[in-house]
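Colleague: I am new to this one. Could you show it to me, and then take me through it?

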Amino acid sequence: MRYTRPADVDGVTAALADGDAVVVGGGTMVVPEMTHGRVRPSAVVDLAKAGLAGIARDGDGWVIGAMTTYTELARSNVPLLATAARGITGGPQIRNRGTVGGSASYANPSSDVPAVLVALGARMRLARRGGAREVPAAEFFAGAFRTAREPDEVLTAITVPDTAAAPGYVKFKLVEGSWPIVTAAALAGPTIRVVLGGAAAAPVVVELERASWRARLRSEVDRLLTEPWDDVLAPGHYRARIAPVIAARAVAGALEEA
Amino acid sequence: MKLTVNGVEHEIDVDPRTLLVHAIREQVGLTGTHVGCLTGDCGACTVVVDGQTTKSCSVLALSAEGSAVETIESLADGDDLHPVQQAFWDEFGFQCGFCLPGMLLTAKELVESTPDPTDDDILRAIDGNLCRCTGYNTIVAAVRKAARS
Ligand SMILES: Cc1cc2nc3c(=O)[nH]c(=O)nc-3n(C[C@H](O)[C@H](O)[C@H](O)COP(=O)(O)OP(=O)(O)OC[C@H]3O[C@@H](n4cnc5c(N)ncnc54)[C@H](O)[C@@H]3O)c2cc1C
């Protein structure tokens with residue numbers, strides 16, 4: 001296995017150009033997968049020194065480097081994302097090392113970051129040799145463990161526009177140390193948007209009117225959640241059952257702040 | 001590669017797939033850092049990399065080149081225990097000792113960053129360190145005591 005640790009994004013995209021190298025971000029998922037033989041790369045590209053960490057303000061929004069850790073996010077004021085980062089399990093060791101870009105790229109349905117990014121209307125910045133593009137988070141998350149990223153691309157940053165809407169975040173799990181079973185990220189402004197994570201293979205967006213949200217929520221979730229996600233944490237029918245409840249809690253939480 | 005552990009630079013030969021925990025134990029020869037699950041769950045392999053606790057089973061050794069790594073061996077000064085170690089000793093904060101290196105480094109990070117931690121702070125901090133002996137009560141008591149000393 002070939003190992004490289006480029007000093008900038010150009011070095012990363014050059015190393016990825018052949019399309020057979022695996023990216024290592026914080027390594028918290030991919031390194032154990034290599035240890036257990038589930039991933040067998042011929043080459044890895046370590047992002048540790050590529051200058052992709054950190055949170056900056058840009059005009060009317062945030063630019064969050066792909067290598068920004070949960071610990072850094074938890075200390076920030078980025079709505080929803082800071083709250084979700086504080087609730088990541090695995091201990092400070094995982095929050096110190098796990099990155100927002102790694103979680104997004106991994107795209108495990110039972111995780112916190114994807115639904116939060118969709119709720120925020122985030123955009124994903126991808127770079128490849130000789131080019132760059134931006135993909136809305138809602139399109140980036142293509143399915144379970146699947147994203148719009150091509151093998152020769154690296155996620156460099158995530159941009160999050162400012163919002164005046166009030167945030168609410170609820171994560172449901174049955175054991176303290178568990179990954180989330182269902183999450184709901186709500187933003188309550190003139191209208192209400194609540195995005196479910198863990199409920200289906202990719203985040204599910206529910207749009208509601210302020211006046212009628214309580215009456216409409218359950219039927220909207222039932223209508224949109226046709227194929228609930230099923231994994232070792234919980235069966236699909238269970239997730240379908242709790243999803244509207246978790247969504248309602250997140251919206252109620254957001255409205256209290258409004 | 002060059003690996004700096006507890007302030008000493010070591011020149012070691014590693015396969016690119018070698019994990020930091022294996023480099024520390026087998027190449028550097030410091031066996032206080034334990035190998036537990038190799039999935040990032042148990043916390044027995046916790047070390048400090050550039051000032052932050054990290055699970056060394058989830059880091060490639062090559063990734064730590066140029067970083068300052070601290071292990072459990074850096075805590076005691078000869079026979080003088082570090083205050084966090086003394087608190088675990090006084091409160092019976094361990095039985096078999098397998099999780100202890102990770103518990104101690106995690107506890108040290110907490111008490112250094114949070115002067116007066118609540119029990120909730122303590123439970124949250126050791127969220128990524130599994131102990132199968134104590135039931136955690138004596139560990140929480142030890143961390144509380146360590147924070148006071
Ligand atoms: C004990 C434990 C508890 C956890 N608890 C939670 C939890 O409560 N909630 C939750 O959501 N998650 C949880 N996680 C998962 C956590 O979100 C991920 O471990 C972390 O965010 C992944 O980031 P990383 O940088 O370590 O990714 P890596 O392991 O480095 O990479 C993950 C995947 O993404 C790819 N990748 C990484 N960065 C990039 C990039 N910039 N561009 C392109 N591809 C990239 C890699 O090739 C790999 O396929 C937990 C993990 C552990 C071990």
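Modeller: One term first: helices (H or I, at least four residues) and strands (E, at least two) are DSSP runs, numbered from the N terminus. Please also bear in mind that this is a predicted model.

Colleague: Noted. Which element gives the largest share of the shell around the ligand?

Modeller: That is α6(A), which contributes four residues to the shell.

Colleague: And which residues come nearest to the ligand?

Modeller: There are 33 residues around the ligand, and those that come nearest are A:V23, A:G26, A:T28, A:Y70 and A:T99.

Colleague: Why is the site shared between chains?

Modeller: The ligand is surrounded by residues from chains A and B, so the site is shared between them.

Colleague: What kinds of residue make up the shell?

Modeller: The shell around the ligand has 15 nonpolar residues, 14 polar ones and four charged ones.

Colleague: What does the side chain of A:T28 do there?

Modeller: A polar atom of the A:T28 side chain is 2.4 Å from an oxygen atom of the ligand. For A:G25, a polar backbone atom is 2.7 Å from a ligand oxygen atom. In A:L155, a backbone N or O atom is 2.9 Å from a nitrogen atom of the ligand.

Colleague: How much of the ligand's accessible area does the protein cover?

Modeller: On its own the ligand has 970 Å² of accessible area, and the protein covers 95% of that. The elements of chain A that give two or more residues to the shell are β2 (21–24), α6 (100–106) and β10 (154–161).

Colleague: Changing topic: how many residues does each chain bring to the contact?

Modeller: Chain A brings 29 residues and chain B brings 29 residues. About 2200 Å² is buried between the two chains, with carbon and sulfur atoms giving 50% of that area.

Colleague: How many salt bridges are there between chain A and chain B?

Modeller: The count is one. The side chains of B:R124 and A:E176 form a salt bridge, at 3.8 Å from N to O.

Colleague: Which elements of chain A supply residues to the side that touches chain B?

Modeller: At least two residues each come from α2 (30–35), β3 (43–46) and α5 (92–97) of chain A. The largest share, six residues, belongs to α5(A). By class, this side of chain A has 10 nonpolar, 13 polar and six charged residues.

Conventions. Residues are numbered from 1 along each chain as its sequence is written. Chains are lettered from A and ligands numbered from 1 in the order in which they are written. This is a predicted model: local features need pLDDT of at least 70, side-chain atom pairs count only at pLDDT 80 or more; totals for chains, interfaces and linings use all residues. Side-chain values use heavy atoms; hydrogens and water are left out. Contact means heavy atoms within 4.5 Å. Buried area is the accessible area (1.4 Å probe) that two parts lose on being put together, summed over both. A salt bridge is a side-chain nitrogen of Lys or Arg within 4 Å of a carboxyl oxygen of Asp or Glu. Ala, Val, Leu, Ile, Met, Phe, Trp, Tyr, Cys and Pro count as nonpolar, Asp, Glu, Lys and Arg as charged, and the others, Gly among them, as polar. A residue is near a molecule or strand if one of its heavy atoms lies within 4 Å of it. A polar contact is a pair of N or O atoms within 3.5 Å; within protein, one must be able to donate a hydrogen and the other to accept it, and residues adjacent in sequence count only if both atoms are side-chain atoms. Accessible areas come from the Shrake-Rupley method with a 1.4 Å probe; for residues, only the protein chains shown count as cover.
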